[in-house]
Amino acid sequence: MAAPSIVNGLSVDVEDWFQVGAFETVIAREAWDGLALRVEDNVLRVLDLFAEADVKATFFTLGWVAQRNGALMRRIVEAGHELASHGFDHARVFTFDRKTFAADILRARKTIEDAGGVAVTGYRAPSFSIDQRTPWAYMELAEQGYAYSSSVAPVAHDHYGWREAPRFAFRPLPWSDLIEIPVTTAMLGGRRVAAGGGGFFRVLPYGFSRWAIRQVNRREERPAVFYFHPWEIDPGQPRVADAPIRSKLRHYTNLDRMAPKLRELVHEFAWGRMDLIAHREAARAVPLAA
């Protein structure tokens, strides 16, 4: 077991099977409303799993999903979880300029708040797409009143990553209380390795995640930040026949094994909402080096 004093951040990126970055070149946003919606049933399964383990989490939700699933948003809130923003329709931050990014996060926040009936103070960029190319993103989040972001993967990766970023909580702006809480990495052979969930958790043996979380909790005495998507526990989802082979491998591998692995994870370690982690980590957050 992790040390009782270490509560790790548990998060769910709420998007449907057709809204992922892996399929963005083969499924147009204009086609989304004509596709089978599976996110509600999958989120309900996630809520049941969390209730079984008596854990709370943060649901970083697309505005597009919240707009169509108001009852589901209220169900999340009623269960004691945090609703936070994942942007409106999964456009990556580096595809915006500051003005269009501002409009996106404002629209998403209003939609999620209207659907869930609670204030939204947290944000996660689609595909962890805040990096060195988007210095204005934190300024906009701060000016719009967000308390924290969990939008950075401090690793090198072909799909995302800001490997020079700090591994743990940092303050991206010297004049703001805004906190960034990167997704978890572990150290292996002197190198950072992704260890915060998603496809890595699905594909690699469960023992790897156990080792990584224990390293962060015990050796570094910091909380881990873990994420996954509702579609990852849905092996019956439609297959995208014309997707690139690499995208298919990333998306479909081990879908049938994800729920049992998650069940083991949420029972083995202590978990909490991301707003709790942001509050606890605020005093330890380092300034972002210029």
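The legends below describe several close-up views of one predicted model. In this model, local features are described only where pLDDT is at least 70 and side-chain atom pairs only at pLDDT 80 or more, while totals for chains, interfaces and linings use all residues. Residues are numbered from 1 along each chain as its sequence is written, and side-chain values use heavy atoms, with hydrogens and water left out.

**View 1. Helices α1 and α3 pack against each other.**
Two packed helices are described by the angle between their axes and the distance between the axes. Helix α1 covers residues 39–53 and helix α3 residues 70–78, where helices (H or I, at least four residues) and strands (E, at least two) are DSSP runs numbered from the N terminus. The axes of α1 and α3 are 11 Å apart and form an angle of about 10°; such axes are lines fitted to C-alpha atoms, for helices over the stretch in contact, and angles run from 0 to 180 degrees between N-to-C directions. The helices α1 and α3 are therefore roughly parallel to each other (angles under 35 degrees count as roughly parallel, over 145 as roughly antiparallel, 65 to 115 as roughly perpendicular and the rest as oblique). On the α1 side the contact is made by V39, E40, V43, L44 and L47, and on the α3 side by L72, R75 and I76, contact meaning heavy atoms within 4.5 Å. By class, the residues of this contact between α1 and α3 divide into 6 nonpolar, no polar and 2 charged (Ala, Val, Leu, Ile, Met, Phe, Trp, Tyr, Cys and Pro count as nonpolar, Asp, Glu, Lys and Arg as charged, and the others, Gly among them, as polar).

**View 2. Helices α4 and α5 cross.**
The axes of α4 and α5 are 10 Å apart, and the two helices pack at an angle of about 40°. Helices α4 and α5 are therefore oblique to each other. Their crossing is right-handed; a crossing is left-handed if the near helix is turned anticlockwise from the far one by less than a right angle, and right-handed if clockwise. From α4, the residues R98, F101, A102 and I105 meet W136, A137, M139, E140, L141 and E143 of α5. The contact of α4 with α5 has 7 nonpolar, no polar and 3 charged residues.

**View 3. Helices α7 and α9 meet, with E268 and Y206 in the contact.**
Helix α7 (residues 206–219) and helix α9 (residues 255–268) have axes that come within 11 Å and cross at roughly 25°. The helices α7 and α9 are therefore roughly parallel to each other, and α7 passes α9 in a right-handed crossing. Residues Y206, R210, I213 and R214 of α7 make the contact with K261, E264, L265 and E268 of α9, and by class this contact has 3 nonpolar, no polar and 5 charged residues. At 12% relative accessibility, E268 counts as buried (buried means under 20% relative accessible area, exposed over 50%, partly exposed in between, with a 1.4 Å probe and protein chains only). The side chains of E268 and Y206 are joined by a polar contact of 2.6 Å; a polar contact is a pair of N or O atoms within 3.5 Å, where within protein one must be able to donate a hydrogen and the other to accept it, and residues adjacent in sequence count only if both atoms are side-chain atoms.

H90 lies in the loop between β3 (82–85) and α4 (98–116), and with a relative accessible area of 5% H90 is buried. The side chain of H90 reaches the backbone oxygen of Q19 at 3.4 Å. Not counting residues up to four places away in sequence, H90 touches E15, Q19, V20, G21, R29, L62, P126 and S127. S127 itself is placed in the loop between β4 (122–123) and α5 (135–143) and, although not a glycine, has a positive phi of about 55°.

**View 4. D234 sits in a loop.**
The loop that holds D234 runs between β10 (225–228) and α8, and D234 counts as buried at 5% relative accessibility. Leaving aside neighbours within four places in sequence, D234 is in contact with R38, N42, R45 and L255, and a polar contact of 3.2 Å joins the side chains of D234 and N42. Although D234 and W17 are 217 residues apart in sequence, they are 8.9 Å apart in space, C-alpha to C-alpha.
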